Structure formats: structure tokens, C-alpha cells
Amino acid sequence: MPQRLVRLLRRIMVALMLLSVVLLMWQHWGMTRVIRFDAENDAGIFFPIDDRPLGGKTVSSVTRQGDAMLLSCALDAQAYAWPFCEASVRIAIAPDGIDLSGLDEMHLDLGLSSPKGRKIRIYLRNYEPEFSTLSEPLSLKVNEVEVDVPENGQLTIPLRYFRVASWWLVDQKIPFVHSDMKLNNVSHLEIITPNAVVTGEYKIAIKAIEFRGKWLNLTQLLAGIVIVWLVFGMAWLFLELVIYRQQIHAKRLQMTELKNINRALEIQAETLSYQVRFDSLTGALNREGLRDFLLQQWQGDSPNEAGMSLLFADLDFFKRINDDFGHAMGDAVLQQFTQVLRQEIRQSDALVRWGGEEFLIVCPRTPLDAAARLADKLRQSIAQVAWPNGIQLTCSCGVATRNEGEAFSALIERADAALYRAKAAGRNRVEVG
Ligand SMILES: Nc1nc2c(ncn2[C@@H]2O[C@H](COP(=O)(O)OP(=O)(O)OP(=O)(O)O)[C@@H](O)[C@H]2O)c(=O)[nH]1
């Protein structure tokens, strides 16, 4: 992977680690969400309710008193079986309530004056379309707690302590599947006198109501962090995959290029090896090629073994062809001369251009008389060839057979001497050395 990209990904990873730690710390010590209602700003949402519509004689009112809303209640415990009075606080307008389900606790700043005890009931009324209707206030689910109000009036209640009122479930004939506590759509809060009451004056001063919690709970935050890490990890893996594929592609191209270069070098090596051993004009072996041939030849046989014959063939008056018809014609004649010689000799013989128009024919395991016959056959063939431009050509040949233990150079010298004699004797002849 390119270094720049790796550095960038590492930085992002470090940033994500820091962000995760910061978010977890913030969730633990901060991230506070507060929904607050107080007498000073929200006086209009407090209403008195009592038991008179149900046949009771309790009289209640809600008035503003300083920084609190005061529920004053003349409670008559005789006229009705379940006497009560309450301050109803409309925190939203049904059917659109407030979702308190993600919050942790409810805090009340209260004052209480009661003829008996310090208990109050609190209802959180949840609108649920499965059974709630706007025309029937009692159809909103009643989630309740009954608590003691401390002397200082600072009351904190975890929201999970609320329970659906059993009397409400019975009254409203709510099916079991809807009987769980739900605070996802709360439109009303009610602060009510307790269950067991005596006749007398009750006063509840409500300064503030707060719902407190976190913007995100720990589970939500952890889920979010895990998702972000998973996305980051997958993006990293995907990137690695893309880069890996690119690298493989580049490697393949490189391999193909190397193969091509290799092939070109092989061809070049083959060409060079050919050029080193063969004469470029005639295709006959050159002196290096002759060396190779002799080495191969002597791999099996002893170098001192007799029986190898050598023919030294040379075109007669070749110079004249160059002079009369030009050098190109001379080259063509040399090529044709080579072809004729090659056709006449055996596969196991070696045809070597010794220099200029001089050619050696090395015949392994060939006695002198056979070599002399071959030389004469060659001479006759050359004389019979139809050369270009009606040229008449002959060749002379010196033949020698290797004596046991004789150096190859000595054999060449003897064949050359025989050729010299053939030339001296008038050309178009074979002389044996
Ligand atoms: N066209 C051509 N001519 C070459 C080549 N190599 C050598 N020659 C020519 O061959 C000629 C050889 O001349 P000489 O040595 O006098 O031999 P010759 O004319 O055949 O005479 P004899 O051998 O005495 O019969 C020279 O003119 C060289 O320039 C070649 O590769 N191509």
C-alpha cells in the first residue's frame, strides 16, 4: 500500500480512537439532556383537578405564588370513595407527547403541606394510539409512583420506578400485551394527593419539574462506535484489496515485460552464438565453428585416431569474377559454390569457409581414396554448374588424410600444400597430399 495512504489511515485510526475515548468520557460525565418545566416560565400548563366530577366534594385550585405554582386543596374524604385533588401539568399536547424513554430520572422541586404524612402520587400519562383517544382523558396510560416528599422538597425519582396503575388497567380493560410501562409519548404529568387521605387542607407548591438523562445512553453510544469502527475497518480492507489487485496487475505486466525481454535476449544470444560459429555470407562454419565441430567429433573418438580426411577446395581465378562482374556477383557465386558443396557432402561432414574463396571439408572416418573420390566429384559438379551470366568456373582441391597422432594444423598444411600443387599443375584438379 502506498506510504501516504498508510499514513492517512493511521491518522484516521488514531483520531477515531481519541474520538471514541472522548465520547465515552463525555457520555459518562456529561452529555446531559434536561427537559425542564417551571412555574416562572410555564405557568399556563398547570391545571387543578379534583373529585367533584366523580361525586366528591374536594375543592382545588392552582394559583401562582412567588416562584411556584400552588395547588390548594380542601379535601373532603367522606363524600367519595377515592377522594383526591391534583395539579395536572400539560407538558405536551396529545397525541404528540414527549419521548422520555431514553431519560433516566425525574426531579421535582416541591413544597408540601398536608394534614397527614408527606406522600404524594405522580402520574406520567402516555398517549398510545392502540387504546388512547383524545376525547377520553382517562384512556391515556397511567404510569404511577407514590413517594415521600423530603423536607427540603428536592425529590428525585428514577423513571424506571414508574409502574402502570393496576386500577387503570382494570378500568380501561387493557389487554395484557399493552400493560407494560411506556414513557415514549408522555403528554401529561399529574401530582396528586396520596391514596390514603384524611379530610383537611393540602398544599403542594411546584417550583420546577425536570426530566434528566443523556442524549445517548451507553448502549446506543457503544453501538455507534462499533458501527463506525466496522465501517472504517471494511473501508481499510476494501482499500487494501483494491491496492493488492493493482499490485498483482502491475506485477503481471512486469512479468510479461521481463518474459519479453528474456525472449529477446535468448533470440539475441542464439543469433550471436550462430554468428560466432557460422560465416554470415555463405552459412558455412567459420574457424570457431570448426573448433566446435572438432571438439564434438573428438568427444567420442580419441583425438589421435587416424581416418579423418580433409579437402581443401578453392575456386579457380575467382578474382576475375569480382573484377569482371563486381563484388556482389562474387558474393552470389560464393553462396552458390557453398550450396553445391553442401549437396555433395555427407551430413556428418563439416563445410568450413577457411577464408576468401577457400573452403575446408572435414570428413570424419573417411580414408584417403574415398576423400579423393569425393574431391573429384566436387570438382566435376562445380564445372557442370550453370553459373550466372554464363560464367565458366572450376575449382581445385587438395586432399589429405590424418596420420595417427598428427596435429590438425599439420593436416591442414598438407591439404593446403596439395591444393597448391593442384593450382600449380594447371587448376581444375585434385591433388592428394
Ligand atoms: N566477392 C567476394 N570476393 C572475395 C571474398 N573473399 C575474398 N574474395 C576475393 O577472392 C579473390 C581471391 O583471389 P586470389 O587469391 O587471387 O585467387 P583466385 O583469383 O581464385 O586465383 P587462384 O586461386 O590462384 O585460382 C580476391 O580478389 C578476393 O578479394 C568475398 O567474400 N566476396
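This note goes through the predicted model point by point, from the whole chain to single residues.

1. **The chain as a whole.** The protein chain has 433 residues, of which 27% are buried. Its secondary structure consists of 8 helices and 17 strands. Among contacts with a separation of 6 or more, 70% join residues 24 or more positions apart.

2. An unreviewed UniProt entry lists residues 12–29 and 221–244 under "transmembrane region". In the model, residues 12–29 are 100% helix and 0% strand, with 25 Å between the end C-alpha atoms. Residues 221–244 are likewise 100% helix and 0% strand. For this second segment, the end C-alpha atoms are 34 Å apart.

3. **An open sheet.** Six strands form an open sheet with antiparallel pairing, in the order β2-β5-β11-β7-β8-β10. Which strands lie at the edges of this sheet? They are β2 (46–50) and β10 (163–164), each of which pairs on one side only. The partner of β2 is β5 (residues 85–90), and the two are joined in the antiparallel sense over 5 bridges. Within this pair, P48 has A87 of β5 as its bridge partner.

4. **A cis peptide bond.** The bond between A94 and P95 is cis, with omega at about 10 degrees. P95 belongs to the loop between β5 and β6 (103–113).

5. How many residues of β13 are buried? The count is 7 of its 7 residues, and the strand is described as mostly covered. Burial applies to both faces: S309, L311, A313 and L315 lie on one side, with L310, F312 and D314 on the other. Strand β13 pairs with β15 (residues 358–363) in the antiparallel sense over 6 bridges, and F312 has L360 of β15 as its bridge partner.

6. **The surroundings of the ligand.** The ligand is surrounded by 16 residues, and the closest are D316, F318, K319, G330 and G356. The elements giving two or more residues to this shell are β13 (309–315), α5 (318–325) and α6 (327–344). Helix α6 supplies the largest share, with 4 residues. By type, the shell holds 5 nonpolar, 4 polar and 7 charged residues.

7. **Two residues with positive phi.** F317 has a phi near 50 degrees and lies in the loop between β13 and α5. Is F317 buried or exposed? F317 counts as exposed because it has 12 C-beta neighbours inside 10 Å, and the cut-off for exposed is 12 or fewer. R365 also has a positive phi, near 45 degrees, and is placed in the loop between β15 and α7 (368–384). Because R365 has 13 C-beta neighbours inside 10 Å, R365 counts as partly exposed.

8. **Drawing the points together.** The loop between β13 and α5 holds F317, while the loop between β15 and α7 holds R365. A reader may wish to follow the chain through these elements in the structure.

Notes
Residues are numbered from 1 along each chain as its sequence is written. This is a predicted model: local features need pLDDT of at least 70, side-chain atom pairs count only at pLDDT 80 or more; totals for chains, interfaces and linings use all residues. Two strands pair if DSSP finds at least two bridges between them. A residue is buried if 20 or more other C-beta atoms lie within 10 Å of its own, exposed if 12 or fewer, and partly exposed in between; C-beta atoms are placed from the backbone. Two residues are in contact if their C-beta atoms, placed from the backbone, lie within 7 Å. UniProt positions are given in the numbering used here, feature names are shortened, and annotations may be inferred rather than shown by experiment. A residue is near a molecule or strand if its C-beta atom, placed from the backbone, lies within 6 Å of it. Ala, Val, Leu, Ile, Met, Phe, Trp, Tyr, Cys and Pro count as nonpolar, Asp, Glu, Lys and Arg as charged, and the others, Gly among them, as polar.
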